[in-house]
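Hi everyone, thanks for coming.

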Amino acid sequence: MIPAAVIAANRFGLGARPGELAAIGSDPRGWLKAQISSANAIPASIAAQPGTEARLAELPPATMGADGQPQKDLIQAVLKLARDRYPVDAAAALDAAMTSQTSFVERLVAFWSNHFTVSALRPAVAGLIGPFQAEAIRPHLFGRFVDLLKAATLHPAMLLYLDNAVSFGPDSRAGQRRDKGLNENLARELMELHTLGVNGGYTQNDVRELAKILTGWTIHRPGQPERAIAAERGGAVFIPFIHEPGQKTLLGKTYGDAGQNEAEEVLEDLARHPSTARFIATKLARHFIADDPPSSAVATLAETFTKTDGDLAAVTTRLIDLDEAWGGDGKYRAPYDWVVAIFRAFGAGDNSGGDQKGHSAVQVLDHLGQRPFFAPSPAGWPDDAASWLAPESLLARIDYAQAVGKARAETDPMKIVDGTVGPAISAESRFSVEHAPSRPEAIALLLVSPEFLRR
Amino acid sequence: MLSRRHLLSLTGSAAAMGLLPVRLALADAPTDARFVLAIQRGAMDGLHAVPPYGDPNYAALRGTLALSDKAGLDGVLDLDGRFGLHPKLTELKAWYDQGELLVVHAVATPYRERSHFDGQDLLENGTIQPHAGDSGWLNRTIGLMGPTAGDQRLGLALGEDVPLALRGKVKVASWAPANLPAAAPDFLNLVSAMYAKQPQLGDTLRQAISADAMADQAMGANAGMVPLRPNNAARILAEAGGKLLAQDNGPRIAVLELQGWDTHTNQGLGANGRMAQALQQMNDAFAALKSGLGAAWSKTVVMTATEFGRTARPNGSGGTDHGTATALFLGGGAVAGKRVIANWPGLEFAQLYQNRDLAPTTDFRAVAKGVLAAHLALPQDALSNVVFPQSGQVRPMQELLRA
């Protein structure tokens, strides 16, 4: 049996910091629920960064070349934004994760950011991922799912990443004049990955219709004539003459010709769809319980989701109260989980690490195959051991563990054991740590012990 | 910095315990044939990579994405007067001219929906539905190849993780350049002892050590310390993969992953754009693979595989959306090349699948079964029931390889 405080700190949180297990004490569920009701101030390292609108305002005016592609100076400015901002944003995110006193909140930021993946593999997006998380994800963690969905879908980073920013209604004025048309990318992934799930009951025709509904939503660039803009939303704008006119029929329901309101209405319906409840419930259960989550847990979460109209505070509370989440042997830690847990174990930020700790974590994660903000596809990082436990990646973790051990030679290994996995450590692991030939090796062994590799 | 290999040779104790395979098994492998599966994640546009430029409807259908039949930066590299290669595929053109490249066009797996993730899952699990199992068809292939001696692992994943195609009962190796200073063998020994009652972690560690020793043997101390980036990862992994496969006692089956195919925008034409970039990376990776293989190239088949093709017409933003059939490359010294095999469906509106995609006329499994039967001597019933279950009616393509 893994003690509940250990599960609260490691499975729900991002790994115990020194003293945290004691602070959690005998009320692990209360410790987690307090994080839901607290004000959720944005961590200082992230609040210090400029937002999307400020960043977009620095781009050169929106001009198109003769070939209809954005002009070179705009592309170069976007790439410069990525080069300048990516390293700072990624380090700030890691810094927040490793120092947070409310690391359940930080895990949920990572979870929902992964659900609504925007990846720096598209260089145009790399400079906006930090603000995406701050503006679209953080404010809605414990709000209604529909608000999270709207904020994520209509954020400039998502509109760029899944190409809606360049999707034109074929019969819109701009589409006709420039011979441009639909791009299905956002419409498909929005149903497959963000709401209904791949078997959620939509067809290729639904993808086309949703793509039409989403046309017109693009990013706000300096120089766009104000009269062309019918609605604005945190750096995103709705431009009617790009929007496909006429009625659209999605999942059997007809949507009137309502401009910017079409997307909002559709997102409300998608958020309320039973397939969405089931899909979100499955992903949450997989993340917090097991790679193959028990169907009872999924059903319970889906029921709460539906009953509360997607109230994420209620769903999250129900998750904490699921007995299944407090048993079993949990999950194999993804590299992000494992590296953040190591930094937290040594109390990063208290008396070590300095300003560079976020940057060094980013670098290590790059070596371990999970470079921050660089998810391989719109589906995000995988969430199962089969994807992360491979020969080469285990060896890379052992290499890194040994390097950490050497750097922490002054630390008492048993103190780190007690502060992280505590009584959950197996007899074999404890024996290995206690009988290691040196302190660095003892620490390194703990970090690659089966108990520390899991959460 | 010392590589692991040097450390291993300095350390007798671990080897004496039988933990570290300082000397790899020298017994004969069950086969001399090498097979590399190159998975193109994101859905490659077959009409762009292998333009059917002799089709009378090609230029009008493809519009801004139509390559020219004239030589130049945007001109096709002609294959047979009907089909050509994208101008970035110069290495593949050279293979073709030497009889080492065969192209199969209008190919698709049995999957007819348009989700990347389900499509890739089915492509790798080898069944007729996504998520139908947790083993891959290449892992099951290896399981049929017969026993190996000692520590030899026939399967090799190039990259830190093992793709589904190679996951399953048979243990496989993986290789990626190490970017962190290598842990000392004595420490690996301590970790291994700690994992004594943890079969999964223990096995994984043993596989890692074995692959690492093999890599040092194949590549010397130069292995590692190269940060992988999207623009160099495939080339670095392919070259290393070639060297590992070339070893007498090395792996025989490898999987290489190629990225960058999901070209919804800025697909470009011949010289620029996302497609040119993805094809260039593939071209360079294949050149590196061949160079790494050395003499073993003559016994090699490289096969590409992607989850589906893309829309035949450009979408509204200079790209293409998810489609159905695509093109497939078979390269290598063992291939009976200089041919394009296509039961060509045509590009007229009514000939397109659902009026939008290149129609599939060849089942991906027919190609794969043809290669596995001829190259690895797998029996028909195993191919139809184990490797690609329920594929009895899909006949293996004949005469893909040199006699």
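Predicted model: local features only at pLDDT ≥ 70, side-chain atom pairs only at ≥ 80, totals over all residues.

Let's begin with helix α22 of chain A, residues 391-407. This helix has 17 residues, and from its first C-alpha to its last it reaches 25 Å. That is close to the 24 Å expected at 1.5 Å a residue. Is it out in the open or enclosed? Well, 14 of the 17 residues of α22(A) are buried, so this helix is largely enclosed by the rest of the structure.

Now, the contact between the chains. Chain A brings 46 residues to it, and chain B brings 46 residues as well. On the side of chain A that touches chain B, α13 (185-194), α21 (385-388), α22, α24 (427-434) and α25 (439-447) each supply at least two residues. Which helix gives the most to that side? Our friend α22(A) does, with eleven residues. By type, the residues on this side of chain A are 22 nonpolar, 15 polar and nine charged.

Finally, let's look at one helix pair. α24(A) packs with helix α8 of chain B, residues 185-194, at an angle of about 155°, and their axes are 9 Å apart. An angle over 145 degrees counts as roughly antiparallel, and therefore α24(A) and α8(B) are roughly antiparallel to each other. Who makes this contact?

Terms used:
Residues numbered from 1 in each chain as written. Chains lettered and ligands numbered in written order. Helix = DSSP H or I, 4+ residues; strand = E, 2+ residues; numbered from the N terminus. Expected span 1.5 Å × (residues − 1). Buried ≥ 20, exposed ≤ 12 C-beta atoms within 10 Å, placed from the backbone. Contact = placed C-beta atoms within 7 Å. Nonpolar A, V, L, I, M, F, W, Y, C, P; charged D, E, K, R; others polar. Axes fitted to C-alpha atoms, helices over the stretch in contact; angles between N-to-C directions. Parallel < 35°, antiparallel > 145°, perpendicular 65-115°, else oblique.
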